[in-house]
Amino acid sequence: MTKLLFFAGSSQKSSVNSKLAQSAAQLAQSFQPESISVTVVNISDFDAPNVDGATASEAPERVNSLREVLQAHDGVFIGSDEYTGAYSAILRNLIGWLVLTNGPDDTAFKDKPVVICGASSRGVGSVRGHPALQQLFVTLGAKVISQHVRLGTAASAFQPDGNLTESVKNQLLENAIPKLLSAV
């Protein structure tokens with residue numbers, strides 16, 4: 001059984017990218033229901049204080065919980081929008097704690113396939129924030145899937161009823177999910 005983890009880079013449970021991660025998880029589960037197990041988490045459940053100036057001994061227990069969740073999965077799907085050309089502070093802090101407590105060469109992302117996807121309610125979506133996020137995961141030793149799915153604005157990713165548009169479903173089912181599975 002292939003275990004895939006889905007989460008948004010935002011702490012808001014009702015964010016566009018939380019909805020995207022949830023929808024992608026449902027698509028992945030339906031893609032190969034007999035061989036894929038999916039888990040969806042909200043990173044706010046693992047929220048950690050700012051890591052700047054901290055020591056490994058000060059790591060919150062929830063950082064270890066996140067590490068265990070990551071290590072229990074074969075691949076990761078992240079729905080992340082853009083925060084002024086980068087990624088969210090909550091995601092930065094969590095990854096900072098993971099690195100601080102185990103070192104930069106021994107992270108929960110080492111050799112882990114990661115798909116980066118995103119939509120935003122403004123402008124060009126998440127296109128400016130993804131290069132920084134990709135570089136972060138490459139630095140952590142993750143296998144970043146080369147073709148990212150950048151969905152543009154939330155209005156173009158979701159139908160009025162909240163379901164994904166056919167175009168987005170096709171991007172996920174023809175590109176992101178199969179590539180994540182083949183990288184696992």
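Trainee: What share of the 184 residues of the chain counts as buried?

Mentor: In this predicted model, 47% of the 184 residues count as buried. The accessible surface of the chain comes to about 8300 Å², and 48% of that surface belongs to carbon and sulfur atoms.

Trainee: How many helices and strands does the chain have, and in which order do the elements run?

Mentor: There are six helices and six strands. Starting at the N terminus, the order is β-α-β-α-β-α-β-α-β-β-α-α. As for contacts between residues at least 6 apart in sequence, 78% of them join residues at least 24 apart.

Trainee: Where is Val 51, and which residues does Val 51 contact beyond its neighbours within four places in sequence?

Mentor: Val 51 sits in the loop between strand 2 (36–41) and helix 2 (61–71). With those neighbours set aside, its contacts are Asn 93, Gly 96, Trp 97 and Leu 100. For one of these, Gly 96, the C-alpha atom is 6.2 Å from that of Val 51, although the two residues are 45 apart along the chain.

Trainee: Is Val 51 buried or exposed?

Mentor: The cut-off for buried is under 20% relative accessible area. Val 51 has 13% relative accessibility, so it counts as buried.

Trainee: How is a pair of aromatic rings described?

Mentor: Two quantities are used: the distance of the centres and the angle of the planes. By the pairing rule, this structure has two aromatic pairs. One of them is Phe 109 with Phe 137: the ring centres are 4.8 Å apart and the planes stand at 65 degrees, so the pair is edge-to-face. Planes over 60 degrees apart fall in that class.

Trainee: Which parts of the chain does the pair of Phe 109 and Phe 137 link?

Mentor: Phe 109 belongs to the loop between helix 3 (89–102) and strand 4 (113–120), while Phe 137 lies in helix 4 (residues 130–139). The two are 28 residues apart, and the pair links distant parts of the chain. Phe 109 is buried at 2% relative accessible area, and Phe 137 is buried at 0%.

Trainee: Why do residues three or four places apart in an α-helix point the same way?

Mentor: An α-helix has 3.6 residues a turn, so residues at that spacing point the same way. Now take helix 4, where His 130, Leu 133, Leu 136 and Phe 137 are buried. Viewed down the axis, the buried residues of helix 4 fall within an arc of 120 degrees, so they line one face of the helix.

Trainee: What follows helix 4?

Mentor: Gly 141 follows helix 4, and its phi is positive, near 90 degrees.

Notes:
Residues are numbered from 1 along each chain as its sequence is written. This is a predicted model: local features need pLDDT of at least 70, side-chain atom pairs count only at pLDDT 80 or more; totals for chains, interfaces and linings use all residues. Side-chain values use heavy atoms; hydrogens and water are left out. Rings of Phe, Tyr and Trp (its six-membered ring) pair if their centres lie within 6.5 Å; planes under 30 degrees apart count as stacked, over 60 as edge-to-face and the rest as tilted. Buried means under 20% relative accessible area, exposed over 50%, partly exposed in between (1.4 Å probe, protein chains only). The arc is that of the directions from the helix axis to the C-beta atoms. Contact means heavy atoms within 4.5 Å. Accessible areas come from the Shrake-Rupley method with a 1.4 Å probe; for residues, only the protein chains shown count as cover.
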